[in-house]
Amino acid sequence: MGAASEQAETGSLTIVGSDTLSRLMTEWTEAFYTRYPSISVEVQAVGSAAAPPALQHGTANIGSMSRPMNADERSGFVATRGYPPTEIAIASDTVVLITHPSNPMDSISYDKVARVFGMPGTCGTSGRVSRWSELSPMHTFGHQKIQVFGRSATSGTYQYFRRAALCDGDPGVFTNEIPGSSGVVNTVARLPTGLAYAPQAQVDKGVKILNIIARDGRILSPSAPDYPFKRVLYMYTVTSLANAKDSTECRFIEFIAGPTGLTSLRAAGFEQPIKAEGSLTLAEAADVCR
């Protein structure tokens, strides 16, 4: 497609879903709009749980999610649309534990994460940890309470952390839920006694990232291959790509699978995920669109 054709292409594109992916989606859509100025684009980063109903009811072309659709969401999509959703694995990232930079801790054990963030008994553990001295007897914060922060239930990061760190258990009622991950990071950056989880791509120098102590005693940094909280992020389309090669969804997918899109993905702190059964890679989705 030549430059003149790209300028003349018309349509609209609405992306609803993940807060984790909001910065990347905004960069992608701004660059896409530069190439296709007659296609209007809008990003609504209201949480992953908003994506499936938006696709079902036609209020979004694309849904972005920091977790895969669950069985109920897939069934709802099929019941409404008559065909299964197209799942594209667009990026991978890491969920990290963060503290204030003044906190002397450098790592936290897998079991202590469950005892701080979960209800008593989470993941088969015994007793809740609520004070810094219970994490480390010599901690300089002593018996001060741990201020625990996390995401709200509409967040894919919340659902992921609940499954991966809390063995599908409920977060503790004492957890302070914040709507956006940037809000979580900003809060911990201001509060010395804070402890939270957040996507690494949204963490800045205002907070400290903790390593994880595995059950076998190894200390794992977020860059370690077997760090326990790595995940894949997804995009879903309202159309079946094989039947919509001229759609705005296909134009967008072809664009983000190209050099500009992949450069933005890496600059935003994400990596391309490994191919998984049941999902298309970005390159595979772009091929279907051509």
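Helix α7 (156-165) and strand β11 each supply at least two residues to the lining of the second largest pocket, and that makes a handy place to start our walk. The structure is a predicted model, in which local features need pLDDT of at least 70 and side-chain atom pairs count only at pLDDT 80 or more, while totals for chains, interfaces and linings use all residues. Residues are numbered from 1 along each chain as its sequence is written, and side-chain values use heavy atoms, with hydrogens and water left out. Helices (H or I, at least four residues) and strands (E, at least two) are DSSP runs, numbered from the N terminus.

Let us stay with that pocket for a moment. A pocket is an open set of points, on a 1 Å grid over the protein atoms alone, with protein on both sides within 12 Å along at least five of seven lines; a cavity is a set of points where a 1.4 Å probe fits but cannot get out, and lining residues have an atom within 4 Å of a point. Grid points are joined across faces, edges and corners, and a volume is the space filled by probe spheres set on the points. The second largest pocket holds about 220 Å³ of space. Its lining has 13 residues, and R67, P68, Q159, Y160 and R163 lie nearest the centre. Helix α7 makes the largest contribution to this lining, with four residues. Sorted by class, the lining has five nonpolar, three polar and five charged residues; here Ala, Val, Leu, Ile, Met, Phe, Trp, Tyr, Cys and Pro count as nonpolar, Asp, Glu, Lys and Arg as charged, and the others, Gly among them, as polar.

Strand β11 (230-237) also leads us to the largest pocket, where β11 and β4 (86-99) each supply at least two lining residues. The volume of the largest pocket is about 330 Å³. It is lined by 15 residues, of which S92, D93, T94, K230 and E271 are the closest to its centre. Five nonpolar, six polar and four charged residues make up this lining.

Among the residues lining the largest cavity are F117, R151, Y158, F161, R162 and Y197. The elements giving two or more residues to this lining are β6 (147-151) and α7, with α7 giving the most, three residues. By class, the cavity lining divides into six nonpolar, two polar and three charged residues.

Next come the helix pairs. Two packed helices are described by the angle between their axes and the distance between the axes. Axes are lines fitted to C-alpha atoms, for helices over the stretch in contact, and angles run from 0 to 180 degrees between N-to-C directions. Helix α5 (residues 110-117) packs against α7 at an angle of about 125°, with the axes 10 Å apart. That makes α5 oblique to α7, since angles under 35 degrees count as roughly parallel, over 145 as roughly antiparallel, 65 to 115 as roughly perpendicular and the rest as oblique. Contact (heavy atoms within 4.5 Å) is made by Y110, V113, A114 and F117 of α5 and F161, A164 and A165 of α7. This contact has seven nonpolar, no polar and no charged residues.

With helix α10 (residues 259-267), α2 packs at an angle of about 155°, the axes lying 10 Å apart. That makes α2 roughly antiparallel to α10. L24, E27, W28 and A31 of α2 meet T260, G261, S264 and L265 of α10, a set with four nonpolar, three polar and one charged residue.

The axes of α2 and helix α9 (residues 248-256) come within 10 Å and cross at roughly 105°. The two helices, α2 and α9, are therefore roughly perpendicular to each other. W28, T29, A31, F32 and R35 of α2 contact T248, R251, F252, F255 and I256 of α9. Six nonpolar, two polar and two charged residues form this contact.
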